[in-house]
Amino acid sequence: MWNRSFTSNSTRAALTKKKWDALIVGAGHNGLIAAAYLARGGLSVAVLERRHVIGGAAVTEELIPGFKFSRCSYLLSLLRPSIIRDLELRRHGLKLLKPMAASFTPCLDGRYLLLGMNDEHDYSEISKFSKRDADAYPRYERQLHKYCKFMDFILDSRTPEALHRASSFNDRLRDKLQNSIFWGRCLRHVLSLGQKDMVEFIDLLVSPTSKVLNEWFESDILKATLAGDAIIKTMTSIHTSGSGYVLLHHVMGETTHGDRNIWSHVEGGMGSVSMAISNAAKEAGVHIATNAEVSELMIEDSGRLKGVLLADGTQVHSSVVLSNATPYKTFMEMVPQTFLPDDFLQAIKCSDYTSGTTKINVAVDKLPQFQSCNLNNQVEVGPQHTTTIHIGAERMEDIHTACQDAWNGFPSKRPVMEMTIPSSLDKTVSPPGKHVVSLFTQYTPYKPLDGSWEDATYRDLYAKRCFELIDEYAPGFSSSIIGYDMLTPPDLEREIGLTGGNIFHGAMGLDSLFLMRPVKGWSNHRTPIKGLYLCGSGSHPGGGVMGAPGHNAACVVLEDLRDP
């Protein structure tokens, strides 16, 4: 259960003084984006956040004095450029710090692979392992880039879902027209790709990551580096059918200048993203309340929504509520189930919320130095420190073995880690000379068979396993640790509100995307409760700090209020 929170008298008075046009449950980035667009559309909007701090999984917290951790999400690339422009997020404080390279994979044999500085450097780096792969890599990236316009169209569009409720002839006509426009545009994208590229695209979507990469490359190190994109934040193996889809994340991210495949640090940590959005929302008139936990949606016997009930008993009234909570929390914990169809409830119950992710944020007294890469004479920050560092996976089979451990019920013996050092570029998150290290580790089952995440000793053993693995590549890392914060799947569920610890609000398999997200028949942000909408990552187009679910949900709400 979530920790109970109690609203202050002043907050309670502000929330109860009127009936709001719309309420947002949860001040994660999608909820804040939805609120901003609704307020800009002329609505009175209040955002209700359970925790003492806004941001959801895009949050910065100072848990060790002087060290600011991006506790969950840690890099920014997927946030839609149109949202950054519309909400003027740079004016509201968003500052992106571009890394010097894209990825760094050290090897125990003394070699390394450093990608993303420029095309010539990539060719030189990959040639150390395979001349054939160096020739193939630009073609691989160009192939993925071909799909970006199509994916942009899908991400920024509402799904062509069928109407559910009894509706007028004009409503049905408008719905059919909108859906026809969507499918017409979709067909144009398909035709622009051509049959050969479309077949390749479908093959990428349905194939295992291992199959896709084995067809392109021969060197273990390059395949393992790229495979990390496909399994991050999941309980998926590189041999799982459909895992190839997430390889598109390698190039889907885009800056406002049109650059692809740039995963930036954010000055001040990922909470600065949420703060910039909240500043834009407040400027538009949004009221944001923290320590305001929603315990239940208030629904009349007729089925009409009338507001929310907070954990302390406060009633906040509105006929429109957008939930930024996971679909499971929304419908299994907040909505009285007598108002929901049985088939809908069953589909929500059967949704996949498994997660193999444990996030560890570490404060260290010196910059980690990788013995295989001495680009900066072991003194200053080098390009390898500013990028995504892949630890523990020099071959694709290393990833599969780590996953197999978790499938068998145990934390990985040799965890697969994405390591970032935000303080290598951002001097605001750590004291001078000291650093913040972010570790996204896999795989850790929600309920391990050999212990419990509630056991401090068991937790410490896993953390030390990760640190000792880093020591193999960067000697002395463990001895540099000042302190750390660790969020296992149950912690992510309890503290951040992520069902099962799944940071995407639900699996991102092909059976859980587009018209199937969150469940079949309800992919357009509307729900069986009139006036209740989903605006979080559990709705189309899915997870990551993208903002599209919040934006698209707000558009649906404004349309429904315009034509009730």
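Arg71 is buried, at a relative accessible area of 3%, where buried stands for under 20%, exposed for over 50% and partly exposed for values in between, with a 1.4 Å probe and protein chains only. The model is predicted, and local features need pLDDT of at least 70, side-chain atom pairs count only at pLDDT 80 or more, and totals for chains, interfaces and linings use all residues. Residues are numbered from 1 along each chain as its sequence is written, and side-chain values use heavy atoms, with hydrogens and water left out.

The side chain of Arg71 meets that of Asp485 in a salt bridge of 3.0 Å, N to O, the term being used for a side-chain nitrogen of Lys or Arg within 4 Å of a carboxyl oxygen of Asp or Glu. Because Asp485 lies in strand 18 (residues 481-487) and Arg71 in the loop between strand 4 (67-70) and helix 3 (81-86), the pair ties together parts that are 414 residues apart in sequence; helices (H or I, at least four residues) and strands (E, at least two) are DSSP runs, numbered from the N terminus. Asp485 is buried as well, with a relative accessible area of 12%.

## Further salt bridges

A search of the whole structure finds 29 salt bridges. In one of them, Glu559 pairs with Arg158, with the closest N and O atoms 2.9 Å apart. Glu559 belongs to helix 18 and Arg158 to the loop between helix 6 (148-156) and helix 7, so this pair ties together parts 401 residues apart in sequence. Glu559 counts as buried at 7% relative accessibility, whereas Arg158, at 30%, counts as partly exposed.

Asp491 and Arg494 form another salt bridge, with closest N and O atoms 2.5 Å apart; the two residues are 3 apart in helix 17 (residues 489-496) and thus separated by about one helical turn. Asp491 is buried at 2%, while Arg494 is partly exposed at 29%. Through salt bridges that share partners, Arg51, Glu61, Arg71, Asp485 and Glu495 are joined into one network.

## Packing of helix 2 and helix 18

The axes of helix 2 (residues 29-40) and helix 18 (residues 548-562) come within 7 Å and cross at roughly 35°, the axes being lines fitted to C-alpha atoms over the stretch in contact, with angles from 0 to 180 degrees between N-to-C directions.
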